[in-house]
Amino acid sequence: MEPLRLGLLGAARITNLAVIKPAQITGTRLVAVAARDPARAAAFADTHGIERVHESYLDVINDPEVEAVYNPLANSLHAPWNTVALAAGKHVFTEKPSASNATEAADVASLASRTDRQFFEGFHYLWHPLVARLHAILASGELGELRHVETVMDMPAPDASDPRWSLELAGGALMDLGCYSLHSMRVLAPFLGGEPALVSASGGERQGHPGVDEWVTAELEFPNGVTGTAGCNMASDHHQMSHRLIGTAGEAVITDFVNPHNDDRLIVTTTKGTRTERLGTRSSYTYQLEALTTAIRTGVPARTDAADAVRTMRLIDQCYKAIGMTPRPAAVDSESDET
């Protein structure tokens, strides 16, 4: 396929992992970048071989050679700039979660539905062969009847000044980590009779950051009665990002489903014993960039399209309400927009 021509909004930390390195493998052209700090943008472009630097995000979006825009800005700026890019006729590759709340996500999805542009949310884990293999094991019946799904997303706390602790920037553990936990439940819908429903949720506020969640645990139930626990803790004493399926005849777990480039194990335990499958440490971000390119070149929406993003955000908002917090507010202007 013709190499994708990508424009970058900002010089966020995640860009190196999500775009820069995969582009070197896939041949994706990094056409343009802009950042709030022009010097930072220039240094970023020089380091990573980006073709040119623009003065503003809007200039990147309006660059005629840019066909798709990558948005890794702070959460609160996902929906506003995704909207601008779609309105300008560009495909959108947005970091997760795609918006601050479900209302914003629905507005973006409505716009996307009126265009022929692709909207792609960056749940990179989904594209690694580990997930497809786990789902194949579930479908094979090897685990018996599925009873429970558990996803754990725990990490040590970022610095107090980190945008992930900012309510105004739509931060919180649920937004940064919990979106993965909830999404990993949602993609099981085809196997379990439909989308999971929230049963209950508990959570705790980050000291010194009113309205920002430090941890959340959501209890879910699928239409066929299978239960799920989606957890996240952004101030844990350890790192764990596992995804487990528990059935009547055994269980299967991806030990680090968000970082398969570090740990690609899928461990299956049944009455016949335990085996470990390895699906390769090729980065899930590389698979993701290939999936994005395929969606754009074929015109067939990917699994993580705008409609999917709305369903995830609705579940996130429901969790916030269940723990006594408000969904994240709509965007406000901020100088701290590059994470």
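How many bridges join β9 to strand β10 (residues 227-233)? There are 7 of them, and the two strands run antiparallel. This is a predicted model, in which local features need pLDDT of at least 70 and side-chain atom pairs count only at pLDDT 80 or more, while totals for chains, interfaces and linings use all residues. Residues are numbered from 1 along each chain as its sequence is written, and side-chain values use heavy atoms, with hydrogens and water left out.

**View 1. The hairpin of β9 and β10.** Strands here are DSSP runs (E, at least two residues), as helices are (H or I, at least four), numbered from the N terminus. Between β9 and β10 lie 5 residues, and G225 in this turn has a positive phi of about 95°. E221 stands opposite T227 in β10, and V216 stands opposite C232 in β10.

**View 2. The open sheet of 8 strands.** Its order is β8-β9-β10-β7-β11-β12-β13-β14, with mixed pairing (two strands pair if DSSP finds at least two bridges between them). β8 and β14 (273-278) stand at the edges with a single partner strand each, so one side of each is left without a neighbour in the sheet.

**View 3. Strand β8 beside β9.** Strand β8 (residues 197-205) runs antiparallel to strand β9 (residues 213-221), joined to it by 8 bridges. In β9, E219 is the bridge partner of S200.

**View 4. Helix α9 across the sheet strands β8 and β9.** Helix α9 (residues 306-322) lies across these two strands and runs at about 60° to β8, where axes are lines fitted to C-alpha atoms, for helices over the stretch in contact (heavy atoms within 4.5 Å), and angles run from 0 to 180 degrees between N-to-C directions.
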